[in-house]
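Colleague: Could you take me through the model I have open?
Modeller: Gladly, let me put it up.

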Amino acid sequence: MTTPSNLKYTKSDEWFDPATGAVGITDYAQGQLSDIVFIEILVDEGEEVTVGKAIASVESVKASSEIYAPAAGKVSAVNKALTEKPETLNSDPYGEAWMIKIEGGAAGEVMDAAGYEKYCEGRAH
Amino acid sequence: MANIIEPTIFELSSPGRRGVKMPASDVPVTALPPKDLLRSELPLPELAEVDVVRHYMKLSKFNYSVDDGFYPLGSCTMKYNPKINEDTCRLPGFLFTHPLQPIETVQGNLALMFEMQEWLKEISGFAGVTLQPAAGAHGEFTGVLMMAAYHKLRGDTKRTKMLIPDAAHGTNPASVGMLGMQVVTIPSDDRGNVDLEKLKAACDDTVVGMMLTNPNTLGMFDENIEKVVNMVKDCGGLMYGDGANLNALLGIVRPGDLGFDVMHFNLHKTFSVPHGGGGPGSGPVGVSQRLVDFLPSPLIGIVEEGDADTAPLYGFVSPKNTIGRMKAFHGHFGGGLVRSYTYIAMHGPDGLKDISQYAVLNANYLQARLRDTYHIPYDRICMHEFVMEGRFEGSDIRALDISKRLMDYNFHPPTNYFPLIVSEALMIEPTETENKDTLDRFADALIKIAEEAKTQPELLHNAPSTTQFGRMDEVKAARELVLCCWLPENYEQMT
């Protein structure tokens, strides 16, 4: 499991890049979901989002899951290419598989990489 | 026999082949509807009767059903369905009636439905029952509609939130979403109960109610059920019970007595209707006194009282503030109601209690036999099912590999990857209809598979190897979905 140190993380397994505003799901999340076969992004460019708003819906062979906004603000970009290749959520969750970028907003309740790693370990119930 | 692929019925088709020779038409020719309402082609397969019979006979041999063997699919209650149900639902008086017949000519059908309403009320402790909903999720939608109507009639329009535990069936949030309500997820605590602190924080005057499955999908009876019900009621909400797991409670606990306001039954699970192929379901809904006036219309009622010499006249009645009709006609009569009625009548009150006691005993026996081999995250006395993890320390074996390997031992796999709060979940529901020998063979197989996972993991990775087809590519199936084998000519305009 990788957790880049420049990112912030939520309890619901989204990552947020404070520098670029990019949002996606973590390596831990993609591993839990296994092969992802479908993604639908639920917000459009220019839309205002609040923390916790559902921004995407992801389906794997195991389960389907909603992805929530880790920060509030205006959606400045949507990765439209992602819906064509959901498999990149498995292969490159922190890179090619970014979902949206949120501009100018404040992050909600987020953890740093060390905190998130500890949180994931604690969940191996 | 292995690896012979049976073509689809469309591939077997040959132009001009037919099953029956139609006589020349002896009715006058009439004009067709306007051309723009007609399609120019209807590519139905053309085959002789024998081709059709052999095709489906072959396919049926690839199948695995509860009549073949053990089918421990968690939360689905795949119990054996007694064959007497098949006799009763084919009695000519039931089979050859039509829902639009005058009520005087279908008194037997109506009497059965009336009695079924009464029996379900008695079993569940509710004040009223509708038999209309087609299956469980339809029952949920019906129940949530009644909850909404209740608040609306009181002018209590602030209520838009439904509380749903994280262990819930996915149909619960889906039913709520269909009504435009908001779902608030309530986490489970370490013992698999509703987290009371989180529930307390979520209870306010915007809550429609709570949808709770008890026992839940971990097979756990909520130890704080009275507190949960009271918290929801204290904030003015209604309690919805998901009856999917009613097989654990018959004759022991009545949801109505626990304070639930509404619950759907899954007749096809608890009261034995074959449902492996996707139907027919049957999802009657019971309600407390608070909601009886909102039940769908019509209900079956007595429209003329009888006396010592004459039977009453059964007919249709409509509740005062009914939410309206939920289904054309009166529910799944023959397929669902007559079979379930037979099942309840064959068992009687003591027999129903036996069902639940043996269902719970069987699940606990299996759990006890597997406890040392598989990790059981919520490990306490379970009800009719339990959930274990299909993974081992230091191994890349997953729940899916274990399930596929079980097929080599000629068992239907348990439910995989549900509930979502257990990683690599294997959800096992043996039901009351299995004997100890079967349970032992199943436990032995799972213990052997755990050993194989250590010594010969490739056996699991490559499983199943004894079935008609090997491991299916689930990812490819989901990503490259082909739903039909021909496309209508105007397909481009349709999409």
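This is a predicted model: local features need pLDDT of at least 70, side-chain atom pairs count only at pLDDT 80 or more; totals for chains, interfaces and linings use all residues.

Colleague: At what angle do the axes of helix 6 and helix 7 of chain B cross?
Modeller: The axes of helix 6 (residues 136–153) and helix 7 (residues 171–178) of chain B cross at roughly 45 degrees and come within 9 Å; axes here are lines fitted to C-alpha atoms, for helices over the stretch in contact, with angles from 0 to 180 degrees between N-to-C directions, and helices are DSSP runs (H or I, at least four residues), as strands are (E, at least two), numbered from the N terminus.

Colleague: Which residues of helix 6 of chain B make the contact?
Modeller: B:Gly136, B:Ala137, B:Glu140, B:Phe141 and B:Val144 do so, where contact requires C-beta atoms, placed from the backbone, within 7 Å.

Colleague: Switching topic, what order do the three strands of the open sheet in chain B take?
Modeller: The order is 10-12-11, with antiparallel pairing, and two strands pair if DSSP finds at least two bridges between them. Strand 10 (386–389) and strand 11 (415–416) of chain B are the edge strands, each pairing on one side only.

Colleague: How many bridges join strand 10 and strand 12 of chain B?
Modeller: Strand 10 of chain B pairs with strand 12 (residues 425–428) of chain B over four bridges, and B:Met388 has B:Leu426 of strand 12 as its bridge partner.

Colleague: And how many residues does each chain give to the contact between chains A and B?
Modeller: Chain A gives seven residues and chain B eight.

How values were computed
Residues are numbered from 1 along each chain as its sequence is written. Chains are lettered from A and ligands numbered from 1 in the order in which they are written. Two residues are in contact if their C-beta atoms, placed from the backbone, lie within 7 Å.
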